[in-house]
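Me: I'm new to this one. Can we go through it together, starting from the inside?

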Amino acid sequence: MACRFAPDLLSAEDFWRFLVEGDSTVSDMPDKRWKAYASSHPKATTALRETVLKGSFLDDIEGFDADFFGISPREADFLDPQQRFMLELTWEALADAGIPPLSLRGGQTGVYAAANSNDYGRRLLEDIPLTGAYAVNGTTFYGIANRVSYFLDLRGPSMAVDTACAGSLTALHLARGGLLSGEIPLAVVGGLNIMSTPALNVALNGAGAMSPDGRSKAFDRDADGYGRGEGAGVVVLKRLSDARRDGNPVLAVVRGSGVFQDGRSDGMMAPNGSAQEHMLREVYERAGIAPATVDYVEAHGTGTPSGDGEELTALARVLGTGRPDDRPCLIGSVKPNIGHIEGGSGVAGVIKTVLAMRHGRIPRSLHGAPHDGIDWDGSGLRLVDEVVPWPSTGSARPRRAGVSSYGVGGTISHVLLEQDVDAGSGAARSADRPAPGRATVFPLSAASAAGLRGLAAKVADWVEEHPDASLASVGHTLALRRSHLAQRGAVAADSPEALVEGLRDLAEERTGQSAVSDRAAADDSGVTWVFSGHGAQWTGMGRRLLTEEPVFARAVDALAEPFREVLGWTPREVLTDGRTWSASHVQALTFAVQAGLIEVWRDRGLTPSAVIGHSVGEIAACVAAGVLDRDDAARFACRRASALTRLEGRGAMAMVGLAFEEARTRLEGVVGVEAAISAAPESTVVSGGAAEVERVTAAWREEGIWVREVDSDIAFHSAQTEEVVAEVEVAARQLTPRPASVPLYSTAMADPRSDASRDGAYWAANLRRPVRFSEAVAAALEDGHRLFLELSSHPVVAHSIREVVLKLGIEDAVVVGSLRRDTDDRAELLTNLARLYCAGAGIDWSRDHAPGRRCPCPRRRGSTVRSGSSPRTAPTVAPAAATTPSATVSSVDG
């Protein structure tokens, strides 16, 4: 649920505390709403002097986070405050329901918004010098619903409903029908009222409907008219079976509803008790519910003498009969607390009733002496005069309540609510599985940096204030029940204390390994997986993952048989025993570690959108791209490594600060040294005999060219490999390559986009030909890929990728690694996952955060900017007032 009620009740929690405390708020209409009218004409001055200008007013109807909703400041000035409230409360209500709002894009969600006055819009349109194109959609009833559908890209029904004060229950009834018919899977229902001008007060005052002190005295002997109120409410409706399936919190069940008409009474504005009686009988008969089993009715109760009397009589005849003397139907009304919200009054009553049902207590209906037009003792009714426990129903049936709302034009409506008897079961039960005992990443997002800092602080406060809250549920809520916006933060944590510490760091803009923040360039971007070759190895690599990441251990141990079969040892043995590795060891271990990292990253919710392999890294790259079976690839990697042992100790490699073509040109005619790897636009790896490489690089150093030795005594991608190319090609013929499942960029072919089969000839080229890594990265960037993840035990090609990015003048690319030498493997991995999320990577959070259930940790509360809520001048004739509602989540039985 989500709501705004006067004066500053910003949430259902605020509203409930207010009701239990028995508070009421009435004040004078704010000056800026009516002052211009009073001075516009002598007759207006007189009319306002004689009009009730008291009521329940919101403190702020101008604040609006326009940027969050993609609305320019200029357009925001033309938005009826009711549209602003509907946008904000819809977002909050969906979050409260555990439904990421942006996940509804393109779907059939329906939006039904009730309001019965648009005085802001009419006032703006009459201010002819200042009106403009934005007023077309910004000042109308239909815009209240349509604005939500536009922002969220919803394709279901989107309509404004105006049946006066019965509007929001009418909207709920229409939405329920759409759900039960299968027309829509989800509905957003709102009701609103904002009093931008005093005009409707003048009209109602003339009709004798207004209470002189601005207070609604529902069912009070001193009832003398109603007091108007401002507010807004939004409820999310879903079929009950769907809500349980999807793990949404079911706050209440809508068992029945109906919309009827008074017909012809003593006047169009006059109530008709017999019509109300007819409505009640029809609703309960259609629902198959005996009226005598209803515990409580949130009545219309405007506080007009005739209206209250007619309503009480109808309630007594339908819900007061056939009841035990000790179980009267309790009745009350929220209007004495927050005023009559008119088009939003029905949804306000629903929110109050759902809260009472869930808390098991019914707040007092504020009144003095009860209405004396009914025999209370014989009516079967009781006016709630103090906070009382909800009548006990035991296991016989759920708590049950009705909500009524009647319109000044004669439309009358009633909704039947029930407690969800299966609360905490179904989908929610499956979410109670214990969370895995491992550290994970907790994502957080907002529309702005300030919003992210504020949200991080609030979530940290909430976690500290709720020590019994499940960490799994916090993660589940943040990751799976919220939309992920552009400004992102992420915290790696394995305990509530670590989570709070990281959130505090985000709030104070202290980022590091445990807390990361950035603005995502795009949403759900793909990640290009890059498998580096020789050079990432270090003693101790992968050891912590073997003990802390079961999927890594399983993947590495699954390679034991092919490794032992070909090389006589297993990856686990060599990774853990501390022995010195030869270059051929490194070649095989590179594949083993990368095969393990493939599974770790998949287990953390990442899948590749494209794949690049560098030298020996192409083998694991083909596994990730679905081209090769892992076990077959492992045998090939081992046979390739075994063949390379014959070349150990004879070669050398070095990276130099030259472009590939320049290095190749310089080496023309030089025997024993070749340009072997196009590493980056201005970096090349040369390879050849150890003495020859030393001689060439020494000469280049004297020229001022930088040189860095590569830790290898095998001259990969040089003429020396020709001794074993045939053997490697024969080994590769035992592979059964398949088409790639994602784009697979080649570094062995001149064309990086080549779809050449990864057969024996390809793997011969992979070993002998130059590695065209820079070209492959450039091709991926040109094809639109922007996020790059290096899968290795230490980042060795990340810098090369960044150099290509700089060369192409691309500003939104992000490159991260997996592990780093001599660091905590898991901490480094999680930090990089956090970096990818903050950069906009699409992550399947269900892999880490499926356990747990939605919890009420703080959600988006946007920063607000003042938007014009009043045109600069008042028209000669002042227009009427409007209405804005707040949110609740219910489900429909059906």
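Me: Leaving aside neighbours within four places in sequence, which residues is phenylalanine 591 in contact with?
Reply: This is a predicted model. In it, Phe591 is in contact with Leu559, Ile619, Ala620, Val623, Arg630, Ala633, Ala634 and Ala637, leaving aside neighbours within four places in sequence.

Me: And how many residues are in the largest nonpolar core?
Reply: That core has 116 residues, and Trp529 and Phe591 have the most contacts inside it. Helix α25, residues 583-603, gives the most to this core, with twelve residues. Apart from it lies another core of 45 residues, including Leu237 and Val350.

Me: Switching topic: where is histidine 614?
Reply: His614 is in the loop between β21 (608-613) and α26 (617-624).

Me: Buried or exposed?
Reply: His614 counts as buried, because its relative accessibility is 9%, under the 20% cut-off. Among its contacts beyond four places in sequence are Phe531, Ile677 and Val797.

Me: How many aromatic pairs are there?
Reply: The structure holds twelve. One of them is Trp91 with Phe151, a tilted pair at 6.1 Å centre to centre, with 50° between the planes.

Me: What does that pair tie together?
Reply: Trp91 lies in helix α5 and Phe151 in helix α8, so the pair ties together parts 60 residues apart in sequence. Trp91 is buried at 6% relative accessible area, whereas Phe151 is partly exposed at 24%.

Me: Which residues form a cluster through ring pairs?
Reply: Ring pairs link Phe64, Phe68, Phe69, Trp91 and Phe151 into a cluster.

Me: Last one: what sits over the ring of tyrosine 762?
Reply: The charged end of Arg758 does, 4.3 Å from the ring's centre.

Key. Residues numbered from 1 in each chain as written. Predicted model: local features only at pLDDT ≥ 70, side-chain atom pairs only at ≥ 80, totals over all residues. Heavy atoms only, no water. Core = buried A, V, L, I, M, F, W, Y, C linked by side-chain atoms within 4.5 Å. Buried < 20%, exposed > 50% of the residue type's maximum accessible area, 1.4 Å probe, protein only. Helix = DSSP H or I, 4+ residues; strand = E, 2+ residues; numbered from the N terminus. Contact = heavy atoms within 4.5 Å. Phe/Tyr/Trp six-rings, centres within 6.5 Å; stacked < 30°, edge-to-face > 60°. Lys NZ or Arg CZ within 6 Å of the ring centre and 35° of its normal.
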